[in-house]
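User: I am new to reading protein structures. Could you walk me through one, feature by feature?

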Amino acid sequence: MDFDNLLYLNEDKINTIFVLTTRWGAYFGGINVFNYEMCRTLGEKYKNKQIYCFVNEANENELQDAIQNNIQLVPIPDYKDVNIKNYSNKENLFPDIIIGHDIFTGEIANKCKNNIKNSISAVILHHAYHLYGALKGKSGEETDNKKILQREIL
C-alpha cells in the first residue's frame with residue numbers, strides 16, 4: 001500500500017496516528033492481523049511519527065513488541081467506550097488521523113474525529129457481509145443490518 005500518497009506521511013501534515021483495534025497481534029483473526037501488520041509497517045517506515053494503538057488489553061510481551069515497532073499500545077478495557085478526546089487532552093496528544101476498522105471500531109473513529117478539531121478519520125473496509133453472510137449461517141436480516149451499519153460508517 002502506498003501510505004505516502006494516501007496519508008501524506010512524508011510531509012509534516014500528519015504527525016500523530018491513533019489506531020483503534022481490539023487486540024495486538026493475531027487475536028480474533030484477520031482484523032487484528034491486518035491492524036497489527038499495518039501498525040508495524042507504519043512504525044517501521046515512519047519513525048518520526050507518533051503511532052498509538054488502542055486495544056482492549058495488552059500483556060507485557062505485546063507492549064514490548066509494539067515498542068520495538070515504534071508503536072505505543074494503550075490498553076483500554078472496553079474499546080467501544082474509548083474517549084480519545086479525554087486521552088488526548090490528558091497526554092497533550094492530538095491525533096491527526098484516527099483509524100478504525102469496519103463495523104468494529106470504524107464508528108468509534110468517526111465519533112472521535114467529530115470531537116477533536118482538525119483530525120480526520122479513516123475506516124478500513126474489511127468484510128462484504130452481503131456476499132458471504134449466508135455462507136456463515138447468518139440470517140438475511142442480520143446480514144442486511146450489518147451491511148446497513150457498514151454503509152453508515154463508511
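**Reading the model, step by step**

Analyst: Start inside. The largest nonpolar core has 18 residues, and I17, V19, W24, C53, I71 and I99 have the most contacts within it. β1, α2, β2 and β4 (97-101) each supply at least two residues of this core. The largest share, four residues, comes from α2. Keep in mind that this is a predicted model.

User: Which residues does I71 touch, leaving out those up to four places away in sequence?

Analyst: I71 touches W24, C39, G43, I51, C53 and A66. There is also a second, separate core of 11 residues, which includes L20, V74, I76 and I116.

User: Let me step back. How many helices and strands does the chain have?

Analyst: Seven helices and five strands. From the N terminus on, the order is α-β-α-β-α-β-α-β-α-β-α-α.

User: What share of the 154 residues is buried?

Analyst: Buried residues make up 43% of the chain. The accessible surface comes to about 8,900 Å². Carbon and sulfur atoms account for 49% of that surface.

User: Which residues of α2 are buried?

Analyst: First the general idea. An α-helix has 3.6 residues a turn, so residues three or four places apart point the same way. In α2, the buried residues are I31, N32, N35, Y36, M38, C39, L42 and G43.

User: How do I read a salt bridge?

Analyst: Side chains of opposite charge can pair when their charged atoms come close. A search of the whole structure finds five salt bridges. One of them joins the side chains of R23 and E57, at 3.5 Å from N to O. The pair links distant parts of the chain, 34 residues apart. R23 is in the loop between β1 (16-20) and α2, while E57 is in the loop between β2 (50-55) and α3.

User: Where do K111 and E107 lie?

Analyst: Both lie in helix α5 (residues 102-115), four residues apart, about one turn of the helix. E107 is partly exposed, at 36% relative accessibility.

User: What about E142? Which residue forms a salt bridge with it?

Analyst: K138 does, with the closest N and O atoms 3.9 Å apart. E142 is partly exposed, with a relative accessible area of 33%. K138 is also partly exposed, with a relative accessible area of 33%. Now look at the backbone of E142. Its nitrogen lies 3.0 Å from a polar atom of the side chain of S139. S139 is in the loop between α6 (129-132) and α7 (140-153). At 37% relative accessibility, S139 counts as partly exposed.

User: Where is the place of N69, and what does its side chain reach?

Analyst: N69 is in the loop between α3 (60-68) and β3 (72-75). Its side chain reaches the backbone oxygen of D65 at 2.7 Å. N69 counts as buried, at 14% relative accessibility. Leaving out residues up to four places away in sequence, N69 touches R40, G43 and E44.

User: One last feature. What does phi tell me about N70?

Analyst: The general idea: most residues other than glycine have a negative phi. N70 is not glycine, yet its phi is positive, near 65°. N70 is placed in the loop between α3 and β3. With a relative accessible area of 26%, N70 is partly exposed.

Conventions:
Residues are numbered from 1 along each chain as its sequence is written. This is a predicted model: local features need pLDDT of at least 70, side-chain atom pairs count only at pLDDT 80 or more; totals for chains, interfaces and linings use all residues. Side-chain values use heavy atoms; hydrogens and water are left out. Buried means under 20% relative accessible area, exposed over 50%, partly exposed in between (1.4 Å probe, protein chains only). A polar contact is a pair of N or O atoms within 3.5 Å; within protein, one must be able to donate a hydrogen and the other to accept it, and residues adjacent in sequence count only if both atoms are side-chain atoms. Contact means heavy atoms within 4.5 Å. A salt bridge is a side-chain nitrogen of Lys or Arg within 4 Å of a carboxyl oxygen of Asp or Glu. Accessible areas come from the Shrake-Rupley method with a 1.4 Å probe; for residues, only the protein chains shown count as cover. A nonpolar core is a set of buried Ala, Val, Leu, Ile, Met, Phe, Trp, Tyr and Cys residues joined through side-chain atoms within 4.5 Å.
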